Amino acid sequence: KVRAASGRALRRPLRSARPTTRAAGRPTLARIAAGTPTLSDVGALAEGHLRLLAPGTTMALFAVDAAQAALTVRFAAGPAVDAVSPLTMRLGDRLTGWVGANLRPMRNGDGRLDLPGVTAPLARWASATPLVADGVVAGVLTVYSAEPLGDDQCRMLEMIGPHLAAAVASAAATEADVPHVRAPLRVVARR
């Protein structure tokens, strides 16, 4: 039994003062503070904010592959992650590719444009915002949902874009400079 300073027995054990270990996939503060985050770090941070902004949605962080003029999912999280995680599309194709090519956000578009053949209601709607750093598209952040996002949610998504763009551009450059760091995709388990 655990006893208080008064000698009285406590009914529940005291919690350890040691800090708990975060999951291995979480962004490391050291990499972020050093200015060398990976795309998985950036995606995990964005997912943490989007989970509060739009619970129950699936997010996909697309990064530009300049050699192929394509967008590739580099981080995905949410209930429809299995449908989203293998995506690659050319700039200009589908909903997300259009957003990347035209540098204009899309609110509550048809999610089936990005996910042909997927009948899951979890990805019926798609809202995407371009990630533009120094006038160049670095990627696209797309949120898939069962219901249309509200105007405030869409505005917040668009406000996050410019801040996220610089981090995505930096992470993509870091991963390009250090080939062994590059991971093709990080998928977070469905909730």
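In which helix do Asp152 and Arg155 both lie, and how many residues apart are they? In this predicted model, both belong to helix H5, where a separation of 3 residues corresponds to about one turn of the helix. Their side chains form a salt bridge with an N to O distance of 2.4 Å. Asp152 is exposed, at 55% relative accessibility, because the cut-off for that class is over 50%. Arg155, with a relative accessible area of 40%, is partly exposed.

The structure contains 7 salt bridges. In one of these, Glu158 pairs with Arg107, and the closest N and O atoms are 2.8 Å apart. This pair connects distant parts of the chain: Glu158 is located in helix H5 (residues 151-177) and Arg107 in strand S6 (residues 106-110), 51 residues apart. Both partners fall in the intermediate accessibility class, Glu158 being partly exposed at 23% and Arg107 partly exposed at 34%. A network of salt bridges links Arg107 and Glu158 with Asp151.

Strand S6 also contributes Asp110, whose side chain meets that of Arg124 in a salt bridge (3.2 Å, N to O). Here too the pair links distant parts of the chain, since Arg124 lies in the loop between S6 and strand S7 (125-133), 14 residues from Asp110. Asp110 counts as partly exposed, at 24% relative accessibility. Arg124 is likewise partly exposed, with a relative accessible area of 29%.

Methods. Residues numbered from 1 in each chain as written. Predicted model: local features only at pLDDT ≥ 70, side-chain atom pairs only at ≥ 80, totals over all residues. Heavy atoms only, no water. Salt bridge = Lys/Arg side-chain N within 4 Å of Asp/Glu carboxyl O. Helix = DSSP H or I, 4+ residues; strand = E, 2+ residues; numbered from the N terminus. Buried < 20%, exposed > 50% of the residue type's maximum accessible area, 1.4 Å probe, protein only.
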